[in-house]
Amino acid sequence: MKIARFLFGKRIASLWLILGVFQFSFFISVAIGQSQGFYDSLDMARSKLNQGDIRTALELLETLEKAHPGEENLIRVKGQALYWSKDFNAMRAYFRNSLKTYPNLYWARLDYGRILYELNDWNESQEILKESLKINPHEPETNQKLAELNYWKGGSPKKSYDYLDEILIPFPDNELANTLKKEIRTGTSPYLSVGSGYFSDSQPLQFVNLSTTGNFYQSAIFQPGFSAEFRSYSSGIALQIAQATNKFSIPKTNTSLLLRGGMAKSSVWEGFSFTYGAEFRQKIPKNLELSLSADQEAYFFTLASLVDPIIPMSFRTSFGRETGNSWTGKISWQNTIFEDQNTVNTLGAWLLVPILKQAAFRIDFGYSLNFSNSKEVRFSEELPIRNTPKNTEIGAVIPGLYTPYFTPINQQVHGALGKVAINFSENIALSLTGNYGFSAKIDNPNMIFFGSTGMNPNAPISNKDISLVLVETSYIPLDFNAVLNWEISPKSALLLTYAYQKTIFFDSNSINLNYNFRIWNDQ
């Protein structure tokens, strides 16, 4: 009997063991099947979402969520679907409720921070990403975005550097982090430039000058600066020009507004003249930039403008880019309104394309055009008149000059434009630019003698005997510029420039030397 119990009892125990293993395997299989069914359904929702069928995707996700509340992958996909549906209020409400109910969802929180970042909702994005950083303080993307948001909101540069150091200490060659750090340093560091130069033209105007400019970044909305220049003319006249500026910027959108105000003073004026203006700049992709400005400014381009103040109002706009691998170019327009209500309009454009590109050498070739016109001409005989009726033939041209400012009439210039850029080393670069006007014409003013009404043939010709006649004239303008840039260190550079210009109005030469210096703002 005992033997039977032993034998049958052992068999029953083995049977129960087999049944237990079978039951456990069954439950595991069911769980795996349910899990596989969940992921299959989630993949189907993702597929519908990628196909643009957002409504069906949301219906599948809502059904899944009832059976699997708090599942992080599901929450991430549903949040993405609501974002793609452009129902941003529903998306925000869903993410906020999910993160409040399930506060440990790291990846869903990071997704929400990314979406807010893309929507330019900087404040909430910054809060969400900071919460994500508490869970994973070394995550590169989170630190990168927080560094950007702090900079864009005008925060302390050092705070952005702290975020970037979390990336750069373990990964010193990270391109995105290094680029942003360089941008912040360049954009927020105090800047000072001092220079001196010499200018001479055939009017004649000759002067030497001393100049300085500076900018002192405090925040995105408070970037005070200044510019000042002193000129000493060969005629004995001295000029003083000064302006204070403040720049408002939105780094995220590459938008800036510069306000300026100051004064101009000539040693022969009784007082000084106020100047002021504003300039709006918007950078867009592919290095393109739109610029709009309005300025009441001092005009110092003629002999007469040194003696009597000329303070016109100028409106300018331009669009294009000055850097690029495939092409550079710009179109611009300027309207200047003088105090006598006369106007001068100028439309200009240029385009350069590379014809040879090497690591240390580049040649660009292109085309330029310029159209200028004035409402009224400002041109008169040169006083005192030395011609007399006795020694002057009828129809002769009497010497004259533009006064008190230049007024081109129907000026058209088409030019062949070229540029050579040479990099002698990583720190020294030379740029040479030339513009040859192969077709240029203007209605040039001439003072013509038509006979004397006076009785004395030896007396100077009277201005009553002179008439202004516009004569279409062809000419060959020329521009040449050379710029030598030496970056002494990451903080300082020397800039030497030379410019030659040949126009219908005058020929000119100028040379300038500037020293530029930055102080890294790491605080």
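This is a predicted model: local features need pLDDT of at least 70, side-chain atom pairs count only at pLDDT 80 or more; totals for chains, interfaces and linings use all residues.
Trainee: Why is Glu279 called buried?
Mentor: Glu279 has a relative accessible area of 12%. Buried means under 20%, so Glu279 falls in that class. Glu279 is found in strand β6, residues 273-284.

Trainee: What makes the pair of Glu279 and Arg260 a salt bridge?
Mentor: Their side chains meet at 3.2 Å, N to O. The rule asks for a side-chain nitrogen of Lys or Arg within 4 Å of a carboxyl oxygen of Asp or Glu, so the pair of Glu279 and Arg260 qualifies.

Trainee: Where in the chain do these two partners lie?
Mentor: Glu279 is in strand β6 and Arg260 is in strand β5 (residues 255-266). The pair links distant parts of the chain, 19 residues apart.

Trainee: Is Arg260 buried or exposed?
Mentor: Arg260 has a relative accessible area of 18%. That value is under 20%, so Arg260 counts as buried.

Trainee: Which residue forms a salt bridge with Glu279 at 2.8 Å?
Mentor: Arg281 does, with the closest N and O atoms 2.8 Å apart. The distance is within 4 Å, so the pair of Glu279 and Arg281 counts as a salt bridge. The side chains of Glu279 and Arg281 are also joined by a polar contact of 2.8 Å, a term that requires N or O atoms within 3.5 Å.

Trainee: Why is Arg281 called partly exposed?
Mentor: Arg281 has a relative accessible area of 30%. Under 20% would be buried and over 50% exposed, so Arg281 is placed in between.

Trainee: Which residues is Glu279 in contact with, leaving aside its neighbours within four places in sequence?
Mentor: The contacts are Ser256, Leu257, Leu258, Arg260, Ser291, Leu292 and Ser293.

Trainee: Why does Glu322 count as exposed?
Mentor: Glu322 has 53% relative accessibility. Exposed means over 50%, so Glu322 counts as exposed. Glu322 forms a salt bridge with Lys330, the closest N and O atoms being 2.8 Å apart.

Trainee: What makes Arg76, Asp111, Arg114, Glu141 and Lys145 one network?
Mentor: Salt bridges that share partners join these residues. By the salt-bridge rule, the count comes to 21.

Trainee: Which residues of the largest nonpolar core touch the most other members?
Mentor: They are Leu42, Leu49, Leu61, Leu74, Met91 and Tyr112, out of 24 residues in that core. The elements that give two or more residues to this core are α1 (2-50), α2 (54-67), α3 (72-84), α4 (88-101) and α5 (106-118). Apart from this core lies another, of 21 residues, among them Phe379, Ile385, Ile461 and Phe506.

Trainee: How much area do domain 1 and domain 2 bury between them?
Mentor: They bury about 790 Å², 60% of it on carbon and sulfur atoms. Trp152, Gly154 and Thr186 supply 44% of the area that domain 1 buries against domain 2. The rule finds one residue pair in polar contact across the interface of domain 1 and domain 2, and the salt-bridge count between the two domains is zero.

Trainee: What is omega for the cis peptide bond that joins Gln203 and Pro204?
Mentor: Omega is about 15° there. Pro204 is found in the loop between β1 (191-201) and β2 (205-215). The peptide bond from Thr403 to Pro404 is cis as well, with omega near 5°, and Pro404 lies in the loop between β14 (400-402) and β15 (411-423).

Trainee: Why is Lys86 called exposed?
Mentor: Lys86 has a relative accessible area of 64%, which is over 50%, so Lys86 is exposed. Lys86 sits in the loop between α3 and α4, and has a positive phi of about 65° although it is not a glycine.

Trainee: Where is Lys286 found?
Mentor: Lys286 is in the loop between β6 and β7 (288-296). Its phi is positive, about 65°, although it is not a glycine. Its relative accessible area is 67%, over the 50% limit, so Lys286 is exposed.

Technical notes
Residues are numbered from 1 along each chain as its sequence is written. Side-chain values use heavy atoms; hydrogens and water are left out. Helices (H or I, at least four residues) and strands (E, at least two) are DSSP runs, numbered from the N terminus. Buried means under 20% relative accessible area, exposed over 50%, partly exposed in between (1.4 Å probe, protein chains only). A polar contact is a pair of N or O atoms within 3.5 Å; within protein, one must be able to donate a hydrogen and the other to accept it, and residues adjacent in sequence count only if both atoms are side-chain atoms. Contact means heavy atoms within 4.5 Å. A nonpolar core is a set of buried Ala, Val, Leu, Ile, Met, Phe, Trp, Tyr and Cys residues joined through side-chain atoms within 4.5 Å. Buried area is the accessible area (1.4 Å probe) that two parts lose on being put together, summed over both.
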